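Hi everyone, thanks for coming. Let me put the model up on the screen, and then we'll walk through a few spots together.

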Amino acid sequence: MFIEFKDVSFKYYGNEQNILNQLSFSVEKGSMLAILGHNGSGKSTIAKLIMGLLEPTSGEIFIEGEKLNEKIVDTLRQKMGIIFQNPDNQFVGVTVKDDIAFGLENHQIPRDEMIRKIDEFAKLVDMQDFLNENPENLSGGQKQRVAIAGALAMDTDLIIFDESTSMLDPKGTKEINQMIQTLRKNYQKTIITITHNLEEALNADRVIVLNDGQIVLDGTPKEVLKEEAILEASGLKLIDGISLINMIQNYTIRIKNKEEIIQALWELTFKM
Amino acid sequence: MNDKIVFGQYIYRNSAIHKLDPRVKLCVLFMMMIGVFLIPADNFILLGIAFLIPLTAVILSKISLFKYLKSLKQIAFIMVFSFAFQLFMPVGKNTTILTTLPICFSYVNIIVCIFILVIYFLIRRYLPFKFLFFLVCLIGIIYLLRYPILGKAFYTTKLDISEAGLIHGSFLVLRVFVIILASTSLTLTTKPTDLTNAIEWLLMPLEKIKIKTSIFAMMISIALRFIPTLFNETNKILKAQASRGVDFNEGKFKDQVKQIVSLLVPMFVISIKRAEDLADAMEARGYIPGAKRTKLVQMKFCIGDFIVFFVILALLVGLILGRCGLYAL
């Protein structure tokens with residue numbers, strides 16, 4: 001087990017209610033886990049707990065068998081990287097090169113190796129032509145790719161994507177999702193994606209659905225997709241295809257061409 | 001978001017001054033500052049030599065002189081003011097009085113002066129040559145005050161212009177001119193990030209007395225990184241508030257202050273949220289304040305850097321020794 005949560009509860013200082021309630025789950029090395037949930041379901045809190053940015057109110061977190069605590073958090077962090085939601089707020093360097101180097105400088109990697117790694121991973125995320133560019137001249141997707149390069153350069157075993165695509169346009173989202181697949185297949189990284197988009201969770205080995213700080217669903221994407229009622233109760237939007245099938249299930253139409261599909265869809269939407 | 005905001009005055013050219021090590025440039029600027037104010041107040045030859053240093057930088061930098069003059073324009077008012085102040089300052093008895101300006105106040109004179117001032121402040125924002133206009137107005141007022149045009153003067157006095165005052169005044173202006181020219185050639189030819197690195201390097205001795213200069217340097221570099229971002233943010237909020245009917249330009253002073261609040265509150269909220277996210281991102285990537293880090297940017301002195309540094313240092317040491325009385329300057 002790479003990560004293990006044991007009865008983890010968490011509440012923010014001054015709050016009455018727990019954000020996370022007695023959460024237990026584990027992530028295998030080399031697998032991909034998707035954590036689904038609506039806004040405020042506590043899914044981003046899980047990411048911060050894993051990274052040691054927050055401390056659980058009760059319960060224990062183990063990373064590769066070692067208990068996460070203040071003493072070893074700095075060492076354990078070297079195994080983990082995280083890509084946050086806002087592309088702007090996690091861009092530390094003044095240029096692309098500086099930003100990829102930031103983590104390497106922190107871990108005291110020698111300069112020659114640093115330059116080699118920057119070149120290697122900038123090429124991997126297809127940003128090699130922008131090395132001296134300032135963040136203001138980059139798109140959101142490009143900034144997120146730089147963040148991925150930064151995490152990869154640190155040679156982490158685990159990469160967490162904390163709603164990394166929610167502020168990007170469709171093109172940027174596609175790029176990042178393709179990148180996640182590459183990381184999984186070619187680099188054997190353990191990946192956790194945190195999202196409220198069911199479609200993004202379909203590539204995962206395992207899906208966890210959170211609601212009110214508790215796990216309401218846990219299984220393969222196929223198993224999870226069947227539980228439509230629970231998914232909807234957890235405030236998640238069903239995949240377009242599935243909701244379309246649901247809509248036309250009791251509505252018999254003979255579709256001849258595209259215009260008729262549009263006509264039927266239009267009528268259905270207004271009936272609902 | 002796509003507006004390209006360039007922070008600082010840096011202009012890229014392929015010149016010797018641009019390639020000069022930023023640490024050397026910064027040191028030279030400091031030495032210039034000390035040196036220029038150590039030059040005795042009537043020694044125009046030494047000041048001329050000091051002036052040659054930024055002049056060489058200006059010529060070698062391949063940046064048009066116009067850019068330099070632009071930054072001088074900003075302090076032209078202060079320069080004229082301090083010159084006038086020095087000029088009319090009563091100095092010791094043993095200097096020759098060049099001319100005496102009789103000044104007399106009559107009601108008509110004062111009214112005309114006020115009228116000129118009002119006109120000046122009203123139309124100056126529409127004029128292309130503000131500074132020239134300012135000088136014309138100033139001379140006009142001085143000339144006007146010499147003669148009682150109409151009405152009887154109720155108060156007359158004299159202003160002496162002495163030779164020493166003239167020399168002191170022009171010397172002060174020239175000193176400031178040299179310093180401004182030197183610092184402008186630094187900011188025009190050096191990237192803000194290079195300057196930060198230079199400052200961090202120069203402050204390194206402070207690490208010995210347990211002052212964490214690396215934290216200080218990180219703060220400056222993050223500020224440099226986020227100034228354009230926050231600038232964009234401010235523009236967005238300004239537009240958002242303007243579309244809700246906030247007018248930042250018109251209205252009474254009290255209203256304007258109130259309207260600024262509608263800009264500041266969202267700015268602060270957003271900045272704090274950003275700072276929180278940034279702190280998380282930095283911590284997650286292993287940043288520990290004050291801990292040892294390796295550096296990607298490596299600055300290396302070359303022979304040219306040493307030559308420039310030691311030439312300027314020699315000039316400064318020579319000046320200091322001269323001031324100490326070892327030989328006549």
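Let's start with Glu163(A), which is found in the loop between strand S7 (158-162) and helix H6 (170-187) of chain A. Helices (H or I, at least four residues) and strands (E, at least two) are DSSP runs, numbered from the N terminus. A quick word on the source: this is a predicted model, where local features need pLDDT of at least 70, side-chain atom pairs count only at pLDDT 80 or more, and totals for chains, interfaces and linings use all residues. Residues are numbered from 1 along each chain as its sequence is written, while chains are lettered from A and ligands numbered from 1 in the order in which they are written.

Back to Glu163(A): its phi is near 50°, a positive value in a residue other than glycine. Most residues other than glycine have a negative phi. Is Glu163(A) buried or exposed? It counts as buried, because it has 20 C-beta neighbours inside 10 Å. The cut-offs are 20 or more other C-beta atoms within 10 Å for buried, 12 or fewer for exposed, and partly exposed in between, with C-beta atoms placed from the backbone.

Now Glu64(A), in the loop between strands S4 (58-63) and S5 (66-67) of chain A. Its phi is also positive, near 50°. Glu64(A) has 13 C-beta neighbours inside 10 Å, so it counts as partly exposed.
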